[in-house]
Structure formats: C-alpha cells, structure tokens
Amino acid sequence: MKRTYTKLIFEVSKKGNKGYQLPSWEADNKSTDSLIPSDFLRNEDVELPEVSEVDVIRHYTLLSNKNYGVDTGFYPLGSCTMKYNPKINEDMAAMAEFATLHPYQPQETIQGALELMYNLDKMLAEIAGMARMSLQPAAGAHGEMAGLMVIKAYHQHRGDTKRTKIIVPDSAHGTNPATAAVVGYDIVEIKSTKDGAVDIESLKAALSDEIAGLMLTNPSTLGLFETNIKEIADLVHEAGGLLYYDGANMNAIMGYARPGDMGFDVLHYNLHKTFSTPHGGGGPGSGPIGVREDLVQFLPAPLVEKNEKGYYLDYDRPLSIGKVKGFYGHFGMLVRAYTYIKTMGKGLKNVSEMAVLNANYLMHRLKEHYYLPIDQVCKHEFVLGGLQADTMDVSTLDVAKRLLDYGYHPPTVYFPLIVDGAIMIEPTETEGLETLDGFADVMIKIAEEASEKPSLLKNAPYDTDVRRVDEAKAARDLILKYTK
Amino acid sequence: MKSKVVEGLFYSKDHEWVKVEGSNAYIGITDHAQHALGEIVYVELPEVGDEFTEGETFGVIESVKAASDALMPVGGKILETNTELEDSPYMVNREPYESWIIKVELSDESQLENLMNAKEYQEFCDKEE
C-alpha cells in the first residue's frame with residue numbers, strides 16, 4: 001500500500017486541518033482592506049493545502065522513500081559520474097564553524113573558511129594544470145558560461161572583436177552550444193570521426209579569425225581518449241582561438257593527465273561529479289573554473305588572496321568579468337570537495353585507475369551481448385549501440401525500462417547522438433566487483449529476454465509504482481500546476 | 001525498418017525533402033529522419049518573412065530523444081509556416097511527406113542541383129543504415 005503511494009499534497013488536504021496554533025488576538029480586529037490598498041489584494045483565496053503536521057511528515061517521507069540514489073543502489077548513468085559520496089564530507093560541512101557562518105561577517109572572523117577556499121583553489125588548479133580557479137559558478141553549465149565570458153573578455157581586451165564564433169563537436173554535451181549561445185556566440189558544429197574523435201579536417205575547415213575558441217572534453221563523449229589533442233590545440237591556437245575544457249569526464253584522467261598540459265586554456269570542473277559532492281536531488285552543484293596565467297585577470301571577482309595579515313577577499317580586479325554568483329559560490333560544496341581531496345590524497349590517482357578499470361571490465365562482459373560500435377580500451381565510460389542486430393525490434397528504451405524491474409537505475413540512453421540507440425555506461429570507481437557482476441548478469445539476461453520474448457521488454461517495467469510512461473504525451477501535454 | 005522515399009522530391013543529406021512549385025518550395029523532413037528522431041513533441045517554426053541561406057538553421061524539431069536543428073536544404077525567404085504543427089507535431093511522424101514545415105521563395109534555384117533525387121537519396125539512406 002505505502003509503496004504505491006502516489007498522492008499529491010493537495011489530495012491529503014482537508015478543510016480546517018492545520019499544523020500551527022497562534023496565540024489569541026487581543027488587539028482590535030481590522031479588516032485586511034483597511035490595511036492594504038485593494039489593488040494589491042487577491043480576489044480569490046489562495047489554494048494552499050490544509051494539512052496537519054503529521055500529515056505533512058508522512059506525505060513527504062513516503063515520497064522520499066521512492067527516491068533512488070547512490071546510497072540505495074548502482075547508478076551507472078553515463079557522463080554523470082554518480083559515485084558514492086563519503087559521509088565524512090557531510091560531517092565537515094555540518095561543522096558549526098562552517099555551517100553557522102554569515103557571508104557578511106567581518107573577514108578577520110572567517111579566516112578558516114577563506115583559508116579553505118584559498119587552498120581548494122590551489123589544489124584544483126594543480127590537478128587541472130591551470131594557474132588559478134574561481135570557485136563561484138553554481139554548477140557545470142554555469143561554469144561553462146563563466147569560462148566563455150573569460151574567453152570573450154580576453155579577445156575584447158586585445159581589441160579583437162571579430163571573433164564571434166565558438167566551435168563545438170557534434171558529440172558535445174548539449175550545454176556546450178547552449179552556454180556559447182547564451183554568451184552571445186554563434187555556434188559552428190563540426191563532425192566527429194567514426195570513433196568519436198575530433199575530425200581534424202573538419203576542424204581545419206572551421207577555423208578562421210572569427211573563431212573565439214573550441215569547446216572540447218577529453219576523454220571524448222564516447223569515453224575515448226582524444227589522442228590528437230596536441231595537434232588540435234596547436235591548430236586552434238595558431239588560428240588565434242582558445243581551448244575550453246569541459247570537465248565532465250575528469251574522473252577518467254585525474255592525477256594522470258592535466259588539461260593545462262594538453263593545451264587547454266580554460267576549464268570547468270563538476271565538483272558534484274569528480275569530487276564526490278551530492279549530485280541530483282538539487283545538489284546543489286558546483287562548477288569552479290580554472291584558467292592559464294594570462295587569463296587570471298579576467299576571472300570573476302572576488303578571489304581569496306593572502307597577505308601578512310591573513311586571508312582576504314580581493315575585489316580589486318579591474319579586468320574581471322565581475323561576480324557570477326551571489327556571495328562566493330556554493331560554499332558547503334567547497335567544504336565537501338576539499339574534504340574529499342584531503343582524505344583521498346594520493347588516492348586520487350587510484351580513483352581514475354579504478355574508474356577506468358571498472359568501465360573496461362563491464363565493457364568486456366557486455367560486448368558479446370550488445371553492439372559495441374568502437375571496440376578499444378575505453379576510459380571511465382563506454383557507449384553501446386543498443387542490442388545486437390537480430391533483436392532489433394526491441395529498442396534501447398525497452399532495455400532501460402526492463403532494468404527498472406531488476407532494481408537498477410538505467411544508464412544514459414540515446415546520448416551521445418552520434419551513436420544510434422546509445423547506452424552509455426559509467427560505473428565509477430566506488431563500485432565493487434560483486435556490483436559490477438550483478439549488473440552485467442542482469443544486462444545479459446535482458447539481452448536473452450529480448451531475443452526469446454521481446455514482448456516482455458516492450459511492456460516493461462512491471463515492478464515499479466508507475467508502469468511505462470507515455471514520454472511523448474508528457475512532453476506534448478504539459479501540466480505545470482495543480483488545479484482542482 | 002525500410003524508410004519511405006517519395007518520387008519527384010529533392011532530398012538533402014540532412015534528411016530534408018524539398019517539393020518545388022514554380023519559384024517556391026515546400027520543405028519538410030523525410031520518413032528516415034522522423035524514424036531516427038522518434039516521437040516528435042514540438043516543432044519550432046521561423047517567422048514569415050525571415051530569410052535564410054543554404055545550410056542555416058530555420059527551426060528546431062524536438063522529440064522524446066533529442067532537440068535537433070532543422071537546416072535549410074536551399075536558401076530562401078519564408079512565405080508561410082505550417083502552424084498546424086504547433087498543436088499537432090506528431091503529424092510529422094504520421095505523414096512526413098504531407099507535413100511540410102515551411103514554404104519558401106527560393107533565392108537561387110540552381111541550389112537544387114546540390115540535392116539528391118529519390119533514387120540517390122534511397123541509396124544514401126541504405127548506406128547509412
């Protein structure tokens with residue numbers, strides 16, 4: 001009964017129920033319209049739910065029991081790095097010394113917090129091979145936006161105003177072209193090669209003195225290392241453009257390769273991917289950006305600096321693109337990421353090692369049963385092209401839905417777009433062999449079901465509160481608010 | 001699944017069809033394209049009077065899988081848009097060759113020479129599949 005709980009809070013509502021008690025009113029009663037001009041008064045009652053305290057608690061607890069997260073099961077959502085978030089991160093962020101700070105406190109009273117930001121800046125810059133970071137951006141796409149604003153400021157500062165275009169490969173995350181457009185750039189899309197790498201000839205053809213930069217991730221969206229990265233960087237730099245690194249796939253190379261050494265000029269991290277801060281369910285995310293030395297002057301203000309008196313927020317940054325976020329970013333996430341780096345230490349290299357090993361293990365177990373378009377050593381994730389040809393009437397979506405019956409969060413599907421029926425699997429380093437084998441066994445079983453009894457998959461899932469959802473209807477007929 | 005190709009239309013490599021009427025043309029997406037996109041949930045149309053060059057983005061087609069740019073197979077000025085698709089985007093899935101998206105005044109009829117005929121397009125699709 002409780003497992004299938006599907007009520008809205010409005011359906012729990014009963015007239016007259018309430019969860020508060022006010023003291024009796026002793027002053028004279030005045031009508032609302034004698035106190036507030038009638039122009040500002042609503043004509044109808046606000047339709048708020050009327051519920052008791054225990055009703056509220058039960059309602060939201062029952063809903064929360066429906067959550068699926070890394071703490072409840074395996075979550076191989078490709079390109080999202082759904083790794084386990086160590087609970088020590090939460091302990092540190094909850095320390096009263098951090099949690100009770102007010103952002104307007106005098107700076108001499110928040111030296112510890114400023115020191116943490118200063119050190120995190122240095123550590124993240126070192127891992128990326130960059131000169132300096134800004135910890136302000138709220139999440140990945142916001143980091144991309146701030147990073148592109150830095151690139152724009154760089155070109156404008158040089159008086160080079162012709163550069164109005166950004167190159168984005170067709171395999172890129174959708175946020176890349178979206179953020180470039182928000183910053184006011186035109187997008188030039190270039191094709192990928194069959195193995196998902198940058199097509200050098202297409203790149204050459206796209207480069208000109210109108211190009212502000214190239215946005216790229218390495219390993220590529222197919223989870224494969226871009227071996228031509230030096231040549232790509234040289235070509236873009238020769239044309240006067242800058243290289244932007246999307247840090248989505250940083251979990252594959254941490255401690256082994258640095259975007260700065262590959263020739264990237266600007267990058268963003270996703271602390272909620274690589275550095276184990278909460279992901280999904282509102283996070284919030286955190287998307288620090290890093291830049292090479294001569295671009296530091298354009299970073300958002302303030303940065304944390306240090307002098308003989310201690311740490312301070314430096315607003316005196318005349319060429320800065322300005323503030324991109326209220327106060328100093330998602331500070332609680334910075335504490336968690338800092339804790340992660342400090343507790344892992346040299347173990348950060350093992351993170352990438354195990355992330356790559358786990359992905360390759362799963363790829364090898366699954367490639368006999370699913371179509372693997374590019375059969376080579378992958379990095380932290382790999383992309384299958386759906387079921388093998390003889391079971392083509394069963395789609396990738398059906399496989400994903402069937403996985404729900406076995407209690408797994410499905411992998412990313414139908415992305416990247418350059419692989420038909422893509423199933424993108426990223427196991428992360430925090431999963432043990434038993435979990436990987438359990439998942440592989442189920443994926444293989446589903447492939448067998450697909451050829452023996454396709455209808456079983458076509459109608460899946462069976463064992464969830466809500467059965468197969470009509471995705472087209474959900475997108476076409478939007479219901480955005482409750483009405484009686 | 002074999003996609004349908006209609007005789008007498010011009011086809012682009014980006015899977016758009018062009019039906020020429022005098023110096024004007026109707027433009028839509030092919031059966032192959034609608035199959036690849038999956039169920040279409042939204043079609044973003046340009047404004048009447050807008051002018052686009054060959055290869056420029058004139059609209060967006062959103063399906064349950066992805067949002068894809070719709071590219072001009074030939075340059076032209078928008079004379080009319082199929083506003084029925086705003087309420088019934090699924091018509092592109094049901095009848096891709098009846099559900100034109102835009103009607104344009106061709107800016108340069110010689111650009112049609114860069115497009116494929118039905119037979120060439122069929123071969124092009126077979127190679128892709």
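Which residue of β12(A) does Val413(A) stand opposite? Ile423(A).

Ground rules. This is a predicted model, where local features need pLDDT of at least 70, side-chain atom pairs count only at pLDDT 80 or more, and totals for chains, interfaces and linings use all residues. Residues are numbered from 1 along each chain as its sequence is written, while chains are lettered from A and ligands numbered from 1 in the order in which they are written.

Overall picture. Chain A has 18 helices and 12 strands. Those are DSSP runs, numbered from the N terminus: helices are H or I with at least four residues, strands are E with at least two. The radius of gyration, over C-alpha atoms, is 26 Å for chain A.

Domains next. An automatic or database assignment sets the bounds. Chain A splits into domain 1 (9-64), domain 2 (101-344) and domain 3 (352-475). The C-alpha centres of domains 1 and 2 of chain A are 46 Å apart.

Now Lys273(A). The UniProt entry, unreviewed, annotates Lys273(A) as "modified residue: N6-(pyridoxal phosphate)lysine". Such annotations may be inferred rather than shown by experiment. Lys273(A) sits in helix α12 (residues 271-274) of chain A. Buried or exposed? Lys273(A) counts as buried, because it has 24 C-beta neighbours inside 10 Å. The cut-offs: 20 or more other C-beta atoms within 10 Å is buried, 12 or fewer is exposed, in between is partly exposed, with C-beta atoms placed from the backbone. Across chain A, 40% of the 484 residues count as buried.

What does Lys273(A) touch? Leaving out residues up to four places away in sequence, Cys80(A), Thr81(A), Ala248(A), Asn251(A) and His279(A). Contact here means C-beta atoms, placed from the backbone, within 7 Å.

Back to the sheet. It is open, with three strands in the order β10-β12-β11 (chain A) and antiparallel pairing. Pairing takes at least two DSSP bridges. The edges are β10 (382-384) and β11 (412-413) of chain A, each pairing on one side only. Two bridges join β11(A) to β12 (residues 423-425) of chain A.

Last, the chain contact. Six residues come from chain A and five from chain B.

Note on methods
Two residues are in contact if their C-beta atoms, placed from the backbone, lie within 7 Å. The radius of gyration is taken over C-alpha atoms; the globule rule is 2.2 Å times the number of residues to the power 0.38.
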